[in-house]
Amino acid sequence: MKTGLVVRSGIAMFIGFAFLSLSPQIRAQFGPAPAGSAFSIPEAQLLKPEALVQLLQTTSKDKPLLLQVGSHMLFAQAHIPGSEYAGPGSQPAGIEQLQNRVNSLPRKKLIVLYCGCCPWNRCPNLGPAFAKLRDMGFTNVKALYLANNFGADWADKGYPVEQGY
Amino acid sequence: MSGIPKAFWNAPCTLRRSFTVKLLLGLCVGVSAAQSPVATTSLLHKQAPQFVRTDLENRKLDLSAYRGKVVLLDFWATWCASCELEMPRFVAWQTQYGPRGLQIIGISMDDDPALARRLYKKMKLNYPVAMGDEKLGQLYGGVLGLPLAFLIDSQGKVQAQFRGETDLNLIEERFKSLLRP
């Protein structure tokens, strides 16, 4: 018991030291997430890219609604085929656009939100968008987990993309 | 456990495990892989795509006019917190290394120019910034996530691409090696 505590403390000290020795930018990357960041989304609601690809391939009936809630400029360059742009989740106008898009949908509808503007813990859009849908009573909302960004974790991996509005 | 950042414990369990393993491996090899610049296969050692824009001060911004200088072309946006973190260092670099031939150029990928202007003034950026769009993004291989910067040498060739949060000391070392003594 005591040995376990010592080992755990040692590991904690080691990780803490390693963290402090990293550059400020890397510390910032792993530092406290901004309020409302994607970190506020429960782990159970996260969807990995490969899982989404599989979902899109296997689901024939009742396809999920795919909504990009980040930058329109990024959406125009590349987005997941079939997805729609729903406004930036970090802006009140974006949240309103999202609300208008989903308002008439059944609350059990599977909705997958994604952004990929920046590293997961820095994304300002997904957290507020997810919270909005939850507050509206949607019970089947997932967030696509893109650790770095849409380019690195989706497009560069060869998953399908399309351009345009 | 007070030595461990709160965000670490806030992260999903699987991510924590993954991060811990990567961190330990990274320390074993000396440098975290996240700090390494990722070289683009499409633009590296090729001529940087030319563009002409109007900057936020309504001046003409022609990339070809900077031939002879080392250009750090930085794509950013106001929604990119990491980009904002980098800006004070870029301002300092422009002041310190400008006389040796460094020119930083910012391209805002914001949808709303008003937001970009506000941050441009707030951060007192001392280098030109123009608004980007999807065409410019695609010209540079697709700006599908920020931060993103290109290091362009005095001949107009792309010497490095920095994707994501990159150690700024590493960027500084790279461009210093291209500057006049």
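Reply: Let's start with how much of the chain is tucked away: of the 165 residues in chain A, 41% are buried (a residue is buried if 20 or more other C-beta atoms, placed from the backbone, lie within 10 Å of its own, exposed if 12 or fewer, and partly exposed in between). This is a predicted model, so local features need a pLDDT of at least 70 and side-chain atom pairs count only at pLDDT 80 or more, while totals for chains, interfaces and linings use all residues. Residues are numbered from 1 along each chain as its sequence is written, with chains lettered from A and ligands numbered from 1 in the order in which they are written.

How far can you trust the prediction? The average pLDDT of chain A is 85, and 77% of the residues score at least 70 (pLDDT is the predictor's confidence in each residue, from 0 to 100). Take care with residues 19-32 of chain A, though: pLDDT stays under 50 there, and the model has 29 contacts beyond four places in sequence for that stretch. Two residues are in contact if their C-beta atoms, placed from the backbone, lie within 7 Å.

Chain A has 7 helices and 5 strands (DSSP runs numbered from the N terminus: H or I over at least four residues for helices, E over at least two for strands). Along the sequence they come as α-α-β-α-β-α-β-α-β-α-β-α. Of the contacts in chain A with a separation of 6 or more, 71% are between residues 24 or more positions apart.

Next, a few of those strands side by side. Strand E2 of chain A (residues 65-68) pairs with E4(A) in the parallel sense over 4 bridges, where pairing takes at least two DSSP bridges between two strands. One such bridge puts A:Leu65 with A:Ile111 in E4(A). E2(A) also has a parallel pairing with strand E3 of chain A (residues 84-85), over 2 bridges, and here A:Gln68 stands opposite A:Tyr85.

The piece to zoom in on is helix H6 of chain A. It spans residues 126-135, and because 7 of its 10 residues are buried, it is largely enclosed by the rest of the structure. Those buried residues are A:Leu126, A:Gly127, A:Pro128, A:Ala129, A:Phe130, A:Lys132 and A:Leu133. What do they pack against? Helix H5 (92-102), strand E4 (111-114) and strand E5 (141-144) of chain A. Just after H6(A) comes A:Gly137, with a positive phi of about 100°.

Stay with A:Leu126 for a moment. Leaving out residues up to four places away in sequence, A:Leu126 touches A:Ala38, A:Ile41, A:Val69, A:Gly89, A:Leu113, A:Cys115 and A:Ala143. A:Leu126 is also one of the residues with the most contacts inside the largest nonpolar core, alongside A:Leu113, B:Cys80 and B:Leu146; that core has 78 residues (a nonpolar core is a set of buried Ala, Val, Leu, Ile, Met, Phe, Trp, Tyr and Cys residues joined through C-beta atoms within 7 Å). The element that gives the most to this core is E3(B), with 6 residues.

That brings us to the partner. Chain B has 6 helices and 7 strands, and 36% of its 181 residues count as buried. Five of its strands form an open sheet with mixed pairing, in the order E5-E4-E3-E6-E7. Strand E5 (129-131) and strand E7 (158-163) of chain B are the edges, each pairing on one side only. Inside the sheet, E4(B) is mostly covered, with 6 of its 7 residues buried, and E3(B) and E4(B) pair in the parallel sense over 7 bridges. B:Leu72, for instance, stands opposite B:Ile104 in E4(B). The chain gets from E3(B) to E4(B) through H3(B), and this β-α-β crossover is right-handed.

Methods
A crossover is right-handed if, with the strands pointing away from the viewer, the path from the first strand over the helix to the second runs clockwise.
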